[in-house]
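Subject: Structure for your review

Dear colleague,

Please find below the structure for your review. My findings follow directly after it.

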Amino acid sequence: MKTIGLTGGMAAGKSTVAALFRRAGVPVFDADATVRALQAPGGKALPEIARLFPGTVTDGQLDRHALRQAVVGDKLALKRLESVMHPLVRAERARFLRQCRARKEPFCVLDIPLLMEIGEDQNCDVVVVVLAPMTTRLSRIRQRGRGQARMTEEQARSLLARQMPDHERRRRAHIVIRTGLSRGSAARQVRALLHRLREAP
């Protein structure tokens, strides 16, 4: 089984590319969706988040805006949150890979925003980086959420500035897929990649 690592900066278009892999019949591990499940009511991460960040969990429900406010611009707080989430996400990822191998899947995709930062790219056969123009990414971020939950441009830029630069991702990638271009462009790029992988010995 060939493991495809899929990554990219915030709002680069990873979700779109992951959906294209799914449409092609390739199983996808979605790290963001896994985090949401772990932080949902009854999720494994919720008790520890409530302990570390008082006021972010009320009646068993995570206040995502409050949690974001607690960690944005605070490297120590962010590291505490990551120390809770990363081991739980790793366990779910390992379970996904076991299931794919048991089903004898030819390919699987690990959709992980911090793929390179956590060193998981070294365990992938192919690393795919999704890129989009900065103006497109900022626009996408500003459109997320509603009302108070929406990020300001300053908050968005602060988050993007803390992420790995695109030039470093490009350097470590095997394949770059660009979004924000013409309709169907990303789909053609994914089809071409899968064709190459199927033809490879």
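Predicted model: local features only at pLDDT ≥ 70, side-chain atom pairs only at ≥ 80, totals over all residues.

Residues are numbered from 1 along each chain as its sequence is written, and side-chain values use heavy atoms, without hydrogens or water.

Helices (H or I, at least four residues) and strands (E, at least two) are DSSP runs numbered from the N terminus. The axes of α1 (residues 14-23) and α9 (residues 185-199), lines fitted to C-alpha atoms over the stretch in contact, with angles from 0 to 180 degrees between N-to-C directions, come within 10 Å and cross at roughly 50°. In contact (heavy atoms within 4.5 Å) are Val-17, Leu-20 and Phe-21 of α1 with Ala-186, Ala-187, Val-190, Leu-193 and Leu-194 of α9.

A nonpolar core is a set of buried Ala, Val, Leu, Ile, Met, Phe, Trp, Tyr and Cys residues joined through side-chain atoms within 4.5 Å, where buried means under 20% relative accessible area (1.4 Å probe, protein chains only). The largest such core has 29 residues, of which Phe-29, Ile-49, Phe-53, Leu-81, Met-85, Phe-96 and Leu-110 touch the most other members. Its largest share, eight residues, comes from α5. Beyond its neighbours within four places in sequence, Leu-81 contacts Ile-49, Phe-53, Leu-67 and Val-71. A second, separate core of 22 residues includes Phe-107, Val-126, Val-190 and Leu-193.

Yours sincerely

Definitions and conventions
Buried < 20%, exposed > 50% of the residue type's maximum accessible area, 1.4 Å probe, protein only.
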